4 protein chains.
Amino acid sequence: MEPMNNETFDPGLTQMFGGTVRRFIDKDGSFNVHRKDRLLQNLHVFQYLIGLSWPSFVGFVILSYLLVNAVFALLYLIAGIEHLQGAQAGTLGEAFLSAFFFSVQTLTTVGYGSIVPTGVETNLLASLEAMTGVMGFAFGAGLLYGRFSRPSARLLFSEKVLIAPYQDGLSLQFRIANQRTNAITDLEAKVLLMTVETFSGGQHRRKYDTLTLERPAVYFLPLTWTVVHPIDEASPFHGKTPEELAALQAELLILVKGFDDTFSQMVHVRYSYRYDEILWGAKFKPAFHIDGRGDLILDLDKISDLESVPLREGSRNP
Amino acid sequence: MEPMNNETFDPGLTQMFGGTVRRFIDKDGSFNVHRKDRLLQNLHVFQYLIGLSWPSFVGFVILSYLLVNAVFALLYLIAGIEHLQGAQAGTLGEAFLSAFFFSVQTLTTVGYGSIVPTGVETNLLASLEAMTGVMGFAFGAGLLYGRFSRPSARLLFSEKVLIAPYQDGLSLQFRIANQRTNAITDLEAKVLLMTVETFSGGQHRRKYDTLTLERPAVYFLPLTWTVVHPIDEASPFHGKTPEELAALQAELLILVKGFDDTFSQMVHVRYSYRYDEILWGAKFKPAFHIDGRGDLILDLDKISDLESVPLREGSRNP
Amino acid sequence: MEPMNNETFDPGLTQMFGGTVRRFIDKDGSFNVHRKDRLLQNLHVFQYLIGLSWPSFVGFVILSYLLVNAVFALLYLIAGIEHLQGAQAGTLGEAFLSAFFFSVQTLTTVGYGSIVPTGVETNLLASLEAMTGVMGFAFGAGLLYGRFSRPSARLLFSEKVLIAPYQDGLSLQFRIANQRTNAITDLEAKVLLMTVETFSGGQHRRKYDTLTLERPAVYFLPLTWTVVHPIDEASPFHGKTPEELAALQAELLILVKGFDDTFSQMVHVRYSYRYDEILWGAKFKPAFHIDGRGDLILDLDKISDLESVPLREGSRNP
Amino acid sequence: MEPMNNETFDPGLTQMFGGTVRRFIDKDGSFNVHRKDRLLQNLHVFQYLIGLSWPSFVGFVILSYLLVNAVFALLYLIAGIEHLQGAQAGTLGEAFLSAFFFSVQTLTTVGYGSIVPTGVETNLLASLEAMTGVMGFAFGAGLLYGRFSRPSARLLFSEKVLIAPYQDGLSLQFRIANQRTNAITDLEAKVLLMTVETFSGGQHRRKYDTLTLERPAVYFLPLTWTVVHPIDEASPFHGKTPEELAALQAELLILVKGFDDTFSQMVHVRYSYRYDEILWGAKFKPAFHIDGRGDLILDLDKISDLESVPLREGSRNP
């Protein structure tokens with residue numbers, strides 16, 4: 001079984017590997033892939049800081065601020081506390097605190113003038129610190145803008161994928177809505193089914209099937225979009241039982257692209273459902289209504305609302 | 001009537017809902033959809049502030065500024081007004097004002113030095129406030145840039161959609177121009193007709209038809225662009241009277257995409273005309289002329305200028 | 001002659017207008033269209049300031065700075081010069097100057113403290129000015145970034161369009177190079193010929209022909225790109241003399257798109273050649289060579305270098 | 001041999017030039033093209049500063065800071081050191097240092113107030129310097145943001161291109177991985193082979209062939225992507241020996257495009273392999289494994305790991 005030899009479809013996740021993967025795409029859209037980073041150069045500070053959660057980011061800013069001021073306070077002490085005119089220097093602790101507060105006043109350029117540098121060394125240190133402060137906060141401004149202006153489409157996905165009646169047979173469907181208030185237009189969805197074939201001898205091979213969708217693209221998403229895959233004879237779901245899907249470690253990989261009007265950017269959202277998130281015999285209830293004034297009201301709480309529907313015997317295992 | 005069962009075109013606005021919608025796309029291009037937001041997390045502060053009108057935004061900035069300074073003034077009072085050297089503290093009001101102005105001088109990093117902090121607590125508060133100020137204004141810089149750099153294509157649409165003679169029959173046409181001076185290139189227009197079918201029993205179903213356009217794309221828009229839909233036999237307007245369009249709650253949904261040269265961004269503009277904004281028997285008059293020097297002069301005031309033209313009997317109800 | 005009636009190609013420049021247009025696209029790529037702007041709201045401050053030339057922009061910044069400081073100086077005088085402690089107030093001129101310099105120290109947040117505000121009104125004014133300053137400079141930061149980060153592809157076009165021998169006939173060619181050092185990739189060129197047909201009665205009609213190009217797209221542009229239109233029997237240049245092109249007011253409209261690697265943006269460049277910029281019987285000489293180390297050396301000065309080539313009699317008027 | 005005369009494929013690198021080029025694309029993706037820039041206007045300061053390495057950039061910032069302060073210090077000396085109240089002016093050196101530190105305090109807007117300007121000229125200079133400082137640091141903020149927000153896809157390429165067995169014949173393959181932790185989606189690869197034909201008389205002509213790829217695009221790249229070119233009868237590698245490729249100065253030009261999720265930008269990566277980086281008879285070993293918890297572990301160190309495989313006699317020179 002030669003990897004080169006195969007011409008089946010692969011979305012870039014490779015096909016050959018032993019063992020059982022927990023899940024491929026996590027619920028936040030990231031890949032369940034960890035890396036041994038070999039080089040420090042692979043760390044990209046800005047991207048790292050942009051990707052931090054807000055609490056971590058605020059913590060990082062405060063710690064950096066304290067650290068930089070502490071370092072400069074020490075440097076001022078080394079240059080001589082007597083060159084900080086106006087500083088209190090009764091004890092070493094007092095001297096450090098004075099130097100620290102002078103450092104704050106310099107780094108932030110607040111410069112009250114209650115403590116002022118004298119002498120060449122201390123003045124040079126203060127010159128360096130003022131420049132550091134200004135550039136550091138320029139860095140912070142860029143960082144904040146970078147954090148905020150990241151495309152931030154958040155799509156809300158229904159909790160479950162449903163197997164519902166469809167025409168004379170069945171269909172697989174899930175529902176999405178825009179969690180934010182910005183307009184997303186020109187949406188496209190791709191849905192892949194990943195399964196694992198196990199060969200005699202315990203070898204595994206990933207298989208990727210693109211599911212055909214009733215409507216793979218919509219122009220806008222002000223309400224909800226029910227993405228429907230009809231389970232016809234060409235579908236890899238055709239005739240499969242829940243137990244068979246579990247044995248195949250089935251995982252639906254979902255890719256939604258769209259254009260975010262607020263930031264004028266393309267946004268890509270990834271999501272996945274595992275075999276144990278498929279519900280047989282249910283359909284979605286509407287998540288919106290029209291009020292008395294003729295306005296449409298969308299209720300995001302109802303995105304996963306569903307009702308049972310019987311699946312005909314024949315349609316399940318044709 | 002099973003929603004799954006239908007394969008008609010839907011641009012993402014769903015088809016099944018009872019009741020009469022006032023209009024689907026408002027004149028500013030937003031969807032007439034309101035949301036019950038269930039989670040505070042759906043609020044995206046930055047997007048919200050970027051989307052505010054200018055008066056609201058300026059109000060927000062000033063109120064935040066006053067609030068932050070008032071809070072810090074209170075904290076300085078709690079830490080003890082005697083630790084603000086130079087502050088006037090005759091009455092509580094005076095003390096608060098002094099603390100407030102000291103707070104301003106710290107937050108903005110203006111730091112005159114007429115009032116200076118003493119003592120560890122007050123100095124720590126001032127250190128925190130100076131950092132808050134610097135980061136807050138970094139945030140403000142990002143916000144202002146975000147507000148200004150949003151793609152800002154503003155297209156001017158003619159007030160009415162016209163039904164005009166076209167070859168041997170009729171056509172529907174509206175006219176657009178670029179309201180701004182930046183160059184927009186590679187424009188594409190899509191026009192959908194939304195109508196409501198009413199079934200026996202009072203059930204409604206939205207129907208969406210894409211109108212074929214004589215020229216669905218242009219390279220640039222320095223002057224005006226008359227978008228023309230020939231009403232041939234395949235057109236959903238074929239043989240319709242104004243009264244029939246009103247009964248169908250007809251609404252034209254218009255999508256124009258283009259590339260904004262100034263910010264190097266794609267821009268998307270939405271617009272809509274309702275059945276009562278269609279004018280029968282008129283055509284547009286030119287909105288530009290050539291002056292004596294051979295330069296083209298565009299007059300945006302004339303974008304809706306029209307003149308009556310008779311519609312032949314036969315062409316209206318063929 | 002009904003404008004609706006025609007189905008000829010129009011890139012968005014409209015076809016019907018009397019009079020002679022000087023030229024349609026100016027040498028800087030802007031359209032020769034002037035607008036009567038009817039509404040002040042059409043002015044978009046940020047776009048305007050981003051589009052200003054550098055001298056105008058610097059002038060604008062300095063004038064704004066002087067103006068804002070002068071206004072605040074007047075306000076401080078109105079509030080009472082005696083509330084600016086440390087100000088010199090011998091004469092009104094001295095008082096104004098002191099107030100002006102205090103204003104500068106507040107607006108820029110430099111706040112030496114040699115002049116300090118006293119009293120509630122003056123302190124409030126200073127609070128307002130410090131906020132104004134900080135927000136104003138935040139605006140300036142965004143503006144500067146906006147000016148600098150605009151896609152800045154500058155393509156250098158050869159001075160003339162050449163009519164050169166090509167296989168058994170003729171071709172029209174011009175040459176472009178990247179004037180900047182950033183990499184531009186995935187370039188596409190479109191070339192339109194605009195001519196004016198004159199009808200009996202003096203009516204004019206613009207005609208737009210897309211010229212087929214030997215190679216309408218290239219992957220990169222590290223050297224030069226000679227864009228070639230073979231003048232075959234389908235070409236609108238086929239059999240035309242220079243005099244005929246002048247009579248038709250021929251203008252070549254050129255659109256080049258590409259991807260700018262430095263700013264990760266699409267860039268669009270427009271250019272035009274008029275009939276009097278076409279040179280018959282010449283071809284370009286190479287604008288680069290390989291040096292002794294095997295490196296390629298491009299000389300932008302040679303972009304328009306050409307040499308005469310005879311055009312066969314038969315090929316000119318076949 | 002007329003350049004116009006040929007219709008072979010050219011990706012924009014031109015075909016006609018004598019001499020031997022060291023290599024066309026350098027290992028950092030830049031083109032091996034140097035330019036004689038004729039005009040100072042071709043220098044785009046912002047792009048230049050954004051492209052500088054970090055050490056050079058920091059050096060540039062510090063030098064500019066020193067230079068600006070030195071220039072203003074001189075101006076203050078010319079205006080008269082006696083107008084800097086609080087400055088030490090025992091010797092000229094002391095006066096310059098005082099003026100320099102006052103300049104720092106003004107440029108960074110730290111403004112302690114230990115030295116304050118008096119007199120109109122010195123106050124005007126200080127006003128100018130404060131404005132310069134604020135705008136300069138606004139410039140710096142934009143610059144830092146520009147440096148950081150550049151799309152920064154770094155793809156790791158395998159050290160060598162391999163000639164490996166493939167079905168009944170051979171294939172050429174190289175492997176790439178994402179060096180950064182940001183998600184890259186919708187990747188596309190193009191591979192060109194550049195060879196030099198030498199004609200009698202020593203003339204050269206570049207030839208560009210697009211290599212067909214087994215899988216020219218993938219949706220994502222969380223692990224590795226082995227790009228495979230099957231060497232079938234249509235391949236320019238068909239029947240070529242290593243010696244023949246060296247004689248042809250063969251160079252593989254590789255273009256990879258993708259969408260960077262973190263910055264929501266298209267990224268373009270260029271790379272090249274020369275004939276002496278092709279390894280005959282080897283295939284790649286997997287660079288990742290699944291750990292005990294079912295997570296995938298990618299090891300970038302193994303990107304170039306390979307093992308020898310014999311090439312059948314017949315497959316090499318069919």
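Among the contacts in chain A with a separation of 6 or more, 65% are accounted for by residues 24 or more positions apart. I note that this is a predicted model, in which local features need pLDDT of at least 70 and side-chain atom pairs count only at pLDDT 80 or more, while totals for chains, interfaces and linings use all residues. Residues are numbered from 1 along each chain as its sequence is written, and chains are lettered from A and ligands numbered from 1 in the order in which they are written.

For burial I used C-beta atoms placed from the backbone, a residue being buried if 20 or more other C-beta atoms lie within 10 Å of its own, exposed if 12 or fewer, and partly exposed in between. Of the 318 residues in chain A, 42% are buried.

**Elements and domains**

I found 6 helices and 17 strands in chain A; these are DSSP runs numbered from the N terminus, helices being H or I of at least four residues and strands E of at least two. Chain A is divided into domain 1 (41–149) and domain 2 (152–316), with bounds that come from an automatic or database domain assignment. The centres of these two domains of chain A, taken over C-alpha atoms, are separated by 51 Å.

**Single residues**

I turned to A:Arg293, which sits in the loop between β15 (288–290) and β16 (296–299) of chain A. A:Arg293 counts as exposed because it has 9 C-beta neighbours inside 10 Å. From A:Arg293 to A:Val134 I read 54 Å, C-alpha to C-alpha, for a pair 159 residues apart in sequence.

A:Pro230, by contrast, belongs to strand β10 (residues 224–231) of chain A, and with 20 other C-beta atoms within 10 Å it is buried. Leaving out residues up to four places away in sequence, I found that A:Pro230 touches A:Tyr166, A:Ser171 and A:Glu214. The C-alpha atoms of A:Pro230 and A:Leu213 are 6.9 Å apart, although 17 residues separate the two along the chain.

I then checked Gln249 in two chains. A:Gln249 is in the loop between α5 (242–247) and β11 (251–260) of chain A, where its phi is near 55 degrees, a positive value in a residue other than glycine; A:Gln249 is buried, having 20 other C-beta atoms within 10 Å. B:Gln249 is placed in the loop between α5 (242–247) and β11 (251–260) of chain B, and its phi, near 50 degrees, is also a positive value in a residue other than glycine. B:Gln249 is buried, with 20 other C-beta atoms within 10 Å.

In chain C I looked at C:Phe263, in the loop between β11 (251–260) and β12 (265–274) of chain C. C:Phe263 counts as buried, with 24 C-beta neighbours inside 10 Å, and its C-alpha atom is 9.0 Å from that of C:Asn182, 81 residues away in sequence.

**A helix pair in chain B**

Two packed helices are described by the angle between their axes and the distance between the axes. On α3(B) the contact is made by B:Ser103, B:Thr106 and B:Leu107, and on α4(B) by B:Ala126, B:Glu129, B:Ala130, B:Thr132 and B:Gly133.

Methods. Contact = placed C-beta atoms within 7 Å.
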